[in-house]
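I opened this entry to keep track of what I look up in the structure. Overall layout comes before single residues.

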Amino acid sequence: MTHKTAAEVGAKLSENLKSVETTGEPVAIESDGRTVAVLVSAEDFALLQRLREEDEDRRDAEAVREARKEPGSIPWEKIKADLGL
């Protein structure tokens, strides 16, 4: 991964975007000595989004499993039956 200051990236934004697109190598953007953002290819960003969604789905499923264990929880099938669904 290449590291550049925000000023360096801003001064040559088109070149940096083209580099990320053609090489796939991310560019870490630094400000005050710390990485604050990263330019990544659209393909890598799509992968990150899919991974994030999968993680959210996993956490949601775990929350449902835990909620079903709580005393007094009502099974979805009973709720549907009570509502005539």
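How many helices and strands does the chain have? I counted four helices and three strands. I note that the model is a predicted one.

**Order of elements.** I read along the sequence and wrote down the pattern β-α-α-β-β-α-α. I then looked up the radius of gyration, which is 23 Å for the chain. The globule rule gives 12 Å for 85 residues, and the chain's value is well over that, so I describe the chain as more spread out than a compact globule.

**Extent and burial.** I took the box along the principal axes: the C-alpha atoms fill roughly 65 × 25 × 20 Å. I also looked up burial, and buried residues make up 11% of the 85 residues in the chain.

**D32.** Where does D32 lie? I found D32 in the loop between β2 (27-31) and β3 (34-39). I checked its backbone, and phi of D32 is near 55 degrees, a positive value in a residue other than glycine. I flagged this because most residues other than glycine have a negative phi. Is D32 buried or exposed? I have D32 down as exposed because its relative accessible area is 80%, and the cut-off for exposed is over 50%.

Which residues form the negative surface patch? I listed E53, E54, D57 and D60. I placed one of them, E54, in helix α3, which runs over residues 42-69.

Methods: Residues are numbered from 1 along each chain as its sequence is written. This is a predicted model: local features need pLDDT of at least 70, side-chain atom pairs count only at pLDDT 80 or more; totals for chains, interfaces and linings use all residues. Side-chain values use heavy atoms; hydrogens and water are left out. Helices (H or I, at least four residues) and strands (E, at least two) are DSSP runs, numbered from the N terminus. Buried means under 20% relative accessible area, exposed over 50%, partly exposed in between (1.4 Å probe, protein chains only). Patches are made of residues with over 30% relative accessible area and no salt bridge: like charges are joined within 9 Å, nonpolar side chains (Val, Leu, Ile, Met, Phe, Trp, Tyr) within 5 Å. Accessible areas come from the Shrake-Rupley method with a 1.4 Å probe; for residues, only the protein chains shown count as cover. A salt bridge is a side-chain nitrogen of Lys or Arg within 4 Å of a carboxyl oxygen of Asp or Glu. Lys and Arg count as positive and Asp and Glu as negative; His and the chain ends are not counted. The place of a charge is taken as NZ of Lys, CZ of Arg, CG of Asp or CD of Glu. The radius of gyration is taken over C-alpha atoms; the globule rule is 2.2 Å times the number of residues to the power 0.38.
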